[in-house]
Amino acid sequence: MKYNLFSIVAGSEVCNARCPFCVSKMTPPNGIGAKEPEVDWRRFKQAAQFARNHGVSTAMITSKGEPTLFPRQIREYLMMLEEFGFSPVELQTNGIPIANEKPVTPRMLEDWRQFGLTTIALSVVHYEPEKNRQIYLPHQKKYIDLPALIARLHDKGFTVRLSCTMLKNFIDSPDRLRELIDFCREHKVEQLTARPVAKPQHSRDEAVYTWTQGHELSNSQIAALNDYVETAGFLLQKLGYGARVYDIGGQNFCFSNCLTRDPETDEIRQLIWFPDGMGHLKYDWEHPGASIF
Ligand code: SF4
């Protein structure tokens with residue numbers, strides 16, 4: 001069995017944003033609650049070793065909420081990961097606690113880099129601040145200054161990825177995608193990933209499920225996006241779980257999906273470390289039965 005990614009669930013389910021499509025609210029808690037869990041570091045190291053033994057080179061710190069609300073724990077994970085030699089080491093975040101320097105100070109960013117963090121993936125739904133505000137911070141007047149955050153992360157020596165969830169009336173057509181790619185090029189964003197919003201088979205939150213269903217791209221919208229990408233891009237890589245990586249006018253672009261497993265192949269997208277109680281290694285967010293130990 002081949003795995004592509006070692007995902008580490010850091011922090012708790014607490015988030016500072018209010019995305020109406022929040023996949024964490026739809027998928028099972030997998031033992032993660034509102035409190036920052038104690039990590040069983042011995043089990044964590046076994047999970048990291050398992051990933052390395054199965055050829056995984058990329059580690060990503062992510063969360064059921066917003067991981068950067070727990071910066072001390074991110075530092076601990078990075079320290080523990082060092083001996084395993086993962087590269088790249090990535091952090092998935094909505095970026096807001098970094099942009100606001102609360103609780104993530106510039107000093108912490110430097111610290112994370114020293115401990116091997118290479119890439120910061122910022123979740124967005126658009127290149128326009130107002131569109132991002134509507135989704136991430138509907139309870140606030142302003143969204144963060146995204147170009148300033150990108151510049152700061154570059155200044156600190158990080159590779160930046162924008163990770164865009166595609167929604168109806170947001171990034172939903174070739175024109176909007178082209179503009180997002182232009183934005184990335186202008187701000188020297190090294191990597192752009194876009195994936196259509198998706199809902200799990202079963203959701204534990206009806207309101208989030210209904211909102212997501214109402215904002216999924218139609219088949220014809222996805223077909224138009226595929227056509228554009230195939231025409232404008234040079235295909236660099238096909239990944240086993242259906243994602244494709246292109247060069248579009250010099251911009252790295254990964255057109256992805258939210259699939260974590262395809263039982264027809266011997267390739268699984270990710271191993272996931274859940275620090276629940278004694279800690280578990282799984283390979284699916286949605287199905288707790290997908291357990292390794
Ligand atoms: S930033 Fe992530 S965890 Fe937070 S509300 Fe949005 S989708 Fe959920």
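Select Leu235 in this predicted model, and display its neighbours Arg244, Val245 and Tyr246, which Leu235 touches when residues up to four places away in sequence are left aside. Leu235 belongs to strand β7, which spans residues 234-238. The residue counts as partly exposed, with a relative accessibility of 35%. Next, draw a C-alpha to C-alpha distance from Leu235 to Phe115: the two residues are 120 positions apart along the chain, and their C-alpha atoms are separated by 33 Å.

**Leu217**

Move to Leu217, in the loop between α9 and α10, the latter covering residues 219-232. Is Leu217 buried or exposed? With a relative accessibility of 8%, Leu217 counts as buried. Show the residues that Leu217 touches, not counting those up to four places away in sequence: Met166, Leu167, Lys168, Ile171, Asp172, Pro196, Ile222 and Leu225. Then select Ser173, which is 44 residues from Leu217 in sequence; the C-alpha atoms of the two are 9.3 Å apart in space.

**The loop between β5 and α8**

Select Asn169, which is placed in the loop between β5 (159-166) and α8 (174-186). Its phi is near 75°, a positive value in a residue other than glycine. Most residues other than glycine have a negative phi, and most peptide bonds are trans. Asn169 has 53% relative accessibility and counts as exposed.

**The loop between α4 and α5**

A positive phi is also found at Glu101, where the angle is near 55°. Glu101 lies in the loop between α4 and α5, and at 40% relative accessibility it counts as partly exposed. Which kind of peptide bond joins Lys102 and Pro103? The bond is cis, with omega about 5°. Pro103 is placed in the loop that runs between α4 (96-99) and α5 (106-114).

**Ser87 and Pro88**

Now select Ser87 and Pro88. The peptide bond from Ser87 to Pro88 is cis as well, with omega near 5°. Pro88 sits in the loop between α3 and β3, the strand of residues 89-93.

**Helix α6**

Colour helix α6, residues 129-136, and show the side chains of Asn132, Arg133, Ile135 and Tyr136, which are buried. An α-helix has 3.6 residues a turn, so residues three or four places apart point the same way. Which elements do the buried residues of α6 pack against? They pack against α4, β4 (119-124), α7 (146-155) and α9 (206-214).

**Aromatic rings**

Display the rings of Phe, Tyr and Trp; the structure holds 11 aromatic pairs. One of the pairs is formed by Trp41 and Tyr77, edge-to-face, with 5.0 Å centre to centre and 70° between the planes. Trp41 lies in helix α2 (residues 41-53) and Tyr77 in helix α3 (residues 71-81), so this pair ties together parts that are 36 residues apart in sequence. Tyr77 is buried, and its relative accessible area is 0%.

A second stop is the pair of Phe274 and Trp285, also edge-to-face, at 5.6 Å centre to centre and with 80° between the planes. Because Phe274 lies in strand β10 (residues 267-274) and Trp285 in the segment after β11 (280-282), the pair ties together parts that are 11 residues apart in sequence. Both Phe274 and Trp285 are buried.

**The whole chain**

Finally, zoom out and show the chain as a cartoon. Its secondary structure comes to 10 helices and 11 strands. The radius of gyration is 18 Å, close to the 19 Å that the globule rule gives for 293 residues, so the chain is as compact as a globular protein of that length. Taken along the principal axes, the C-alpha atoms fill a box of roughly 50 × 45 × 40 Å.

Of the 293 residues, 51% count as buried. Among contacts with a separation of 6 or more, 74% are accounted for by residues 24 or more positions apart.

Switch to a surface view: the chain exposes about 13,100 Å², and carbon and sulfur atoms supply 49% of this area. Colouring by charge brings up 34 positive and 35 negative charges, whose mean positions are 3 Å apart.

Terms used
Residues numbered from 1 in each chain as written. Heavy atoms only, no water. Helix = DSSP H or I, 4+ residues; strand = E, 2+ residues; numbered from the N terminus. Rg over C-alpha atoms; globule rule 2.2 N^0.38 Å. Buried < 20%, exposed > 50% of the residue type's maximum accessible area, 1.4 Å probe, protein only. Contact = heavy atoms within 4.5 Å. Areas by Shrake-Rupley, 256 points an atom, 1.4 Å probe, with all protein chains shown as cover. Lys, Arg positive; Asp, Glu negative; His and termini not counted. Charge placed at Lys NZ, Arg CZ, Asp CG, Glu CD. Phe/Tyr/Trp six-rings, centres within 6.5 Å; stacked < 30°, edge-to-face > 60°.
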